[in-house]
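Please read it against the structure shown here.

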Amino acid sequence: MTYMNALKPLCFAALTATAVTLCSAAFAAPAEDGLYAESFAAMKGKKVVYMPNALGYDLTEGWLAGLKNEAARLGFEVIVRDPNWNIDAGVQAMQAVVREKPDLLVVQPPDVTSYSRLIQKAQEAGVPVIEVNQMTTAVPDVFVGADWYAIGVANGEAVVKACGQGSGKSGKVAIVQGLITAPASITQVRGINDVFAKHPEIKVVSNQAADWTPSKSNSITTTVLQQNPDLCAIIEAWDGQAVGSATAIHDAGKQGQVFLATSGGGEKTACDNVANGSFTHYVSFDLWDQDRDINNLVKLFLQGKFSPGKQKLALYTPNHEITKENLSARSCWTMDEVKKSGG
Amino acid sequence: MSQGRAVADRARPHWRPTQEHIVALTACVLFVVFAGLAPGFFSVSNVVSLMRSVSILGVLALAMSIVVIGRGIDLAIVPTMVISVAFLITLYAGGMPAYLAILIGLGIAASIGLIQGWLIAYADVPAIFTTLAMGVTVYGFGLFFLVSKDVNYLPKEAVLFREVGSTQIAGVPSLVLIFGLCALLFHLFLKFTPWGRFIYALGDNPDAARLAGISVRHITVLQYVLASVTACGAGLMTAASVSSMSMRIVNSTMIYDILLVVVIGGIGLTGGKGGIRNVIAGTVLIGILINGMTLMDIAYTSQNIVKGCVLLLAIIIDTLLNPRDEQTAQQGDI
């Protein structure tokens, strides 16, 4: 008898739970409009592999923060594979992706070729591929990222304006590339060279690669400034490495005399560097925009029935040119903001 | 009289060029070549900036040399530098007083050296494997627990730090002076202290050193602790010169550059040979090479080819001049 008594509340609880579940199934979504329930259900529990070339810097952390925000809202899972600049580790992680077959791969390739073969294999295995910021020779389903050519052109034109005809300057320019096999660097330099080809008064006195590291950029720029005290401008392929050049210019006592043009995702440090005169001209491919683009594509791919490898689409991020004159509180973002509400 | 001459003859049978001489000569030749080919090379200010750009590499090479002379190798030197300094910058940026942050950074470096030294001296694991594994461990541990950012910037308040990196005393950049000072200290340590002499003894023949009563294990531990702490110092110089510490340095070819300086300078990888003069000669040669190639705007890939060939040449010369001692060679030696 006591046994039955003890069971009573349990039975009651079970009945109530069943009733609640049935009711909620009948009135599944608060605003069923023919898509709501279906789209949420399509995304829930899906697996998205996110593979940057390394975590730990503004761009890759920002993309991840945006993805995570939407994943938390929509219930898909973000699996992070961080090869940490190591291409071998990256290739292994890509092979794992081909084996594990997640629902989507979001990858930032380190260079043009290393992942190409594996990106094709992933597509053949049924995994759609979104490439971020850098393209491989294998064409992904979608490319989202900076328009590197336009960035090169924008910085090239800014330099021509500052150092070209009528400026009274020497016209001597140094280019500090990133990693020479990285599309971000290659395409930018192409843009820069196309602009300079129309301006014979501009003379590229040095064209060296700093492998995305500030210390290397620092020693290159120190040497170049030594050789060319009348250097007019430096174009750096990325803000993360450009701080090296900025320090070299500062140490040579030439801040304000040498025009430093660079580009990046528009994190707060970059705007600070524009404000304090370290960067003269900054092209921002706004990471905030990219986060939205990436997330929109992720949502489409998780809901849709796309056949991987068939669509060839691209979303090039618009550029914003930032100088001391047009700098505003809205020009840049902070990591805390992106973590809170990015994507 | 004739006996005296005979002794002198025995001591100096006939003059043979050592690697140090060859390096010094090569450096001179390169200097003349670049002075002719690269515009802007032959000027006092360029030579000064040339030395500045390799001074950090030079300090790392000093750290490496002390280990190599004792017949070891420290492949964890770059991760040790990066993690200890990136962590101390993180602490400092988080509001910790500078001296405390630096002490903690040095402490971490010293502990890494201690662990490595212990494994090599007491657990008898060959240095090359110990330090290779330790490098990966230190980097992984640091990335996971200590430092979250890829590039760690010095906070704005670190004015003094920046000053140290950019000041010049009598036209000589402070970084070059620090390198000079370190070189002097290492030289005095190696030549005039018992521990320094023991390192040579140990490198020349570890078994004989042990039989002679030298506490070989303590000296081995000392070498690795010294190397790690010096590496942390080189990291502080980097932070002072570019206001930041980039984690990506670990993935760069820096460790090869360090070995290049050490080997090219003529410190035999078989141990017991060479000194600080060799490190300076090697550093200057690499400095001239890099600076000259940058001034001539030689493409990056070609620069690597040149550097690779020079390293290869240096190793060949090293093997010819310092042949392996069959009696004392052991497995794990390089």
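1. Strand S1 (residues 47-51) of chain A runs parallel to S2(A), and four bridges join the two. Within this pair, Val48(A) lies opposite Val78(A) of S2(A). Strands here are DSSP runs of E of at least two residues and helices are runs of H or I of at least four, numbered from the N terminus; two strands pair if DSSP finds at least two bridges between them.

2. The model is predicted: local features need pLDDT of at least 70 and side-chain atom pairs count only at pLDDT 80 or more, while totals for chains, interfaces and linings use all residues. Residues are numbered from 1 along each chain as its sequence is written, and chains are lettered from A and ligands numbered from 1 in the order in which they are written.

3. In chain A, six strands make up an open sheet with parallel pairing, in the order S2-S1-S3-S4-S5-S11. Its edges are strand S2 (77-80) and strand S11 (313-317) of chain A, each of which pairs on one side only.

4. Strand S9 (residues 259-264) of chain A is largely enclosed by the rest of the structure, because six of its six residues are buried. Buried means that 20 or more other C-beta atoms, placed from the backbone, lie within 10 Å of the residue's own. Phe259(A), Ala261(A) and Ser263(A) cover one face of S9(A), and Leu260(A), Thr262(A) and Gly264(A) are the buried residues on the other.

5. S9(A) is joined in parallel by three bridges to strand S8 (residues 233-236) of chain A, with Ile235(A) partnering Ala261(A). Four bridges link S9(A) to strand S10 (residues 281-285) of chain A, also parallel, and Gly264(A) is opposite Ser284(A) there. From S9(A) to S10(A) the chain passes through helix H10 (residues 268-275) of chain A in a right-handed β-α-β crossover; right-handed means that, with the strands pointing away from the viewer, the path from the first strand over the helix to the second runs clockwise.

6. At the interface, 28 residues of chain A contact 28 residues of chain B, a contact being C-beta atoms, placed from the backbone, within 7 Å. H8(A) gives the largest share of the chain A side, nine residues.

7. The largest nonpolar core has 103 residues, of which Leu60(B), Met64(B), Ile77(B) and Ile258(B) touch the most other members. Such a core is a set of buried Ala, Val, Leu, Ile, Met, Phe, Trp, Tyr and Cys residues joined through C-beta atoms within 7 Å. A second, separate core of 97 residues includes Leu225(A) and Val338(A).

Note on methods. A residue is buried if 20 or more other C-beta atoms lie within 10 Å of its own, exposed if 12 or fewer, and partly exposed in between; C-beta atoms are placed from the backbone. Two residues are in contact if their C-beta atoms, placed from the backbone, lie within 7 Å.
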